[in-house]
Amino acid sequence: MRQAGSVLLEVKLPKETMKSPLAMEIFFTSLYQTGSATFSELYWKGKVRPWFSFELVSIDGQVKFFIWAHKKWKNLIETQIYAQYPNVEIHEAEDYMSWVPHQPDPVNLPMWATYFKLMKENIYPIKTYVDYGLDKDPKEEFKIDPMTSVLEYLGSLRKGEQAWIQIIIQAHRKLTTKNDAVLFDKPDWKHEVRHEIEKIRKESVIENPGSEFPGMPNPTKGQQNTIAALERSVSKFPFEVAIRGCYIAKKEAFNPISITGLIATFRQYSSNDDVNGFKLGWFTDFDYPWQDFRRIRRTHAEKEMIEAMKLRSFFQPPFKNFEGSPIILNTEELATIYHFPGSVAATPTFERIPSKRSQAPSNLPI
């Protein structure tokens with residue numbers, strides 16, 4: 001895969017983006033490439049399923065959108081982005097993490113990083129843009145976009161501070177011993193969702209002891225909402241996902257409150273007991289000093305996290321499933337946490353291009 005090369009694309013948005021997150025959901029659907037990786041293809045040819053990294057970044061408070069992929073997917077990404085957002089600009093960019101040394105410097109360059117995990121099982125969806133009413137394309141002034149909280153946090157950072165959020169995705173599919181490089185069959189995610197729906201329906205049945213008529217399902221409002229969310233979720237394409245965030249700053253600019261802000265960036269995607277939400281998974285520091293004598297464990301953790309983020313590695317060595325298995329998110333959920341917002345996102349440091357892209361008139365003289 002090293003021979004394949006990689007590319008980092010920066011997406012710059014116009015002042016007006018009128019599309020709902022549904023446009024980004026269509027884009028994610030176009031990336032659902034399960035590919036093929038049999039034993040011979042994996043271990044002899046090095047063929048693997050493609051993966052992509054969608055990144056929200058703040059550099060000295062300047063908010064930027066990036067997409068990382070192997071070079072062979074560059075044309076597909078640009079074509080599909082322009083198909084949904086014809087007025088954006090896409091440019092190849094240098095890796096914004098290249099200036100960070102591989103060896104951590106806790107004195108002059110303190111950092112903190114984490115993985116985000118789901119609060120409940122993968123089968124339960126998070127609160128999505130549909131729940132916020134963004135699927136109906138309301139007027140800009142009436143929109144409630146959950147991603148604006150993330151952009152406001154990123155835009156609040158000061159000079160000398162940086163925050164990186166990586167959303168690494170790979171198409172999820174059923175794996176079988178017949179065609180795939182696995183030793184045991186792996187059931188499809190949809191099978192688990194349907195099993196959970198049936199379980200909830202059975203739990204809602206009111207029994208009638210002594211009656212010749214069977215009990216009828218009588219789900220509560222919460223159970224009805226959960227079943228509806230699960231049924232909508234199972235109709236979408238699923239991806240295996242790793243979400244990680246990192247805050248890094250120069251010594252004179254380091255602010256512990258910025259770590260708190262990073263932790264809270266995904267809270268608005270959580271709901272009550274009906275659906276799922278995000279919580280902290282593995283992170284680089286420790287609760288008590290005696291857990292990490294002379295900071296040896298934390299320094300090692302920071303080094304691994306920086307290297308994993310630079311390589312965008314999670315599904316393949318050297319950081320395959322680093323610190324846990326991937327979570328499952330469908331295209332609707334991915335479009336909720338990563339899309340191009342409209343003017344409702346009024347973060348002052350969110351750069352937008354001043355004019356729209358347009359084609360030349362067809363009647364120009366030759």
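This is a predicted model: local features need pLDDT of at least 70, side-chain atom pairs count only at pLDDT 80 or more; totals for chains, interfaces and linings use all residues.
Glu332 forms a salt bridge with Arg232, and the closest N and O atoms of the two are 2.9 Å apart. Because Glu332 lies in helix α9, residues 331–337, and Arg232 in helix α6, this pair ties together parts that are 100 residues apart in sequence. Arg232 itself counts as partly exposed, at 29% relative accessibility. Through salt bridges that share partners, Glu25, Asp131, Arg232, Lys236 and Glu332 are joined into one network.

In one of them, Arg312 is paired with Glu55, the closest N and O atoms being 2.8 Å apart; Arg312 sits in the loop between α8 and β11, while Glu55 belongs to strand β2, 257 residues apart. Both Arg312 and Glu55 are buried. In the other, Glu231 of helix α6 and Arg201 of helix α5 are 30 residues apart, with 2.7 Å between their closest N and O atoms. Here Glu231 is partly exposed, at 37% relative accessible area, and Arg201 is partly exposed as well, at 35%.

Finally, let us turn to helix α7, residues 256–263, whose buried residues are Ser258, Ile259 and Leu262. Seen down the axis of α7, these buried residues fall within an arc of 105°, so they line one face of the helix. What covers them includes β5, α4, β6 and β9, whereas the face of α7 turned away from this buried side carries the exposed residues Pro256 and Ile257.

Notes. Residues are numbered from 1 along each chain as its sequence is written. Side-chain values use heavy atoms; hydrogens and water are left out. Buried means under 20% relative accessible area, exposed over 50%, partly exposed in between (1.4 Å probe, protein chains only). Helices (H or I, at least four residues) and strands (E, at least two) are DSSP runs, numbered from the N terminus. The arc is that of the directions from the helix axis to the C-beta atoms. Contact means heavy atoms within 4.5 Å. A salt bridge is a side-chain nitrogen of Lys or Arg within 4 Å of a carboxyl oxygen of Asp or Glu.
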